[in-house]
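Please read them with the sequence and the structure side by side.

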Amino acid sequence: IGSLECALEKIQGPPGTGKSTTIFHIIDARILPELREASFRTRHVEQAGPMDVRRVLVTCSRNVAVESIAQKLAGLSKQETMLVIGREERVGDTARSHLLEARLERYPDRALQDARMRYERADERWERANGDKAKEAAAMPEKIETYEALRIEEKRVSKVILGQQTQVFLCTIASSSRLIGLWRK
């Protein structure tokens, strides 16, 4: 692993030959040692721009491989360093807990949490209208307004997650275009 020098590495082979383990060891050797340093968070993540943190993109042909790598990486760092891009219904449990939506749910940001609570309350009021068109019409503007406010907060926090907190991006080849789209936003 120490002899790998390229910015782009391709690991391929038949099932059961250790591809996921090899990928894990490459990430562990190239990216994650910095995360184990106590001073890393202060020195890099909070002060540095998005391009100052070393990163890796892992694309796999199947979600089973995404899950295997996610399981290996999940226990390495207490920090949220991995982001999985994919469809919730197609990825495994470990990978699912690292999807952007799951990371947003856990992100400790008061403004995001407040926006989520305001939207949930507005949605409950709209649901309680229970088919009463007048009550639904009265509740709809608040629901739309709080939804838009929630999306603004989610977009702001997504930029932090994509920009400064994530060192390992993990997806299937089919989901890589979604990752590029998120990155551009």
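1. Of the 185 residues of the protein, 37% count as buried, where buried means under 20% relative accessible area with a 1.4 Å probe and protein chains only. The model is predicted, with local features needing pLDDT of at least 70 and side-chain atom pairs counting only at pLDDT 80 or more, while totals for chains, interfaces and linings use all residues. Residues are numbered from 1 along each chain as its sequence is written, and side-chain values use heavy atoms, with hydrogens and water left out.

2. The protein has nine helices and three strands, these being DSSP runs (helices H or I, at least four residues; strands E, at least two) numbered from the N terminus. Their order from the N terminus is α-α-α-β-α-β-α-α-α-α-β-α.

3. The largest nonpolar core has 17 residues, and those with the most contacts inside it are Ile27, Val58, Ile69, Leu73, Val84 and Leu170; such a core is a set of buried Ala, Val, Leu, Ile, Met, Phe, Trp, Tyr and Cys residues joined through side-chain atoms within 4.5 Å. At least two residues each come from helix H1 (19-30), strand E1 (56-60), helix H4 (63-74), strand E2 (82-85) and strand E3 (168-172), and H4 supplies the largest share, four residues.

4. Leaving aside residues up to four places away in sequence, Leu170 touches Val58, Cys60, Val66, Ile69, Ala70, Met82, Leu83, Val84 and Ile85, a contact being heavy atoms within 4.5 Å. Another core, of 15 residues, lies apart from the largest one and includes Leu83, Leu112, Ile161 and Leu162.

5. Among contacts with a separation of 6 or more, 69% join residues 24 or more positions apart.

Conventions. Buried < 20%, exposed > 50% of the residue type's maximum accessible area, 1.4 Å probe, protein only.
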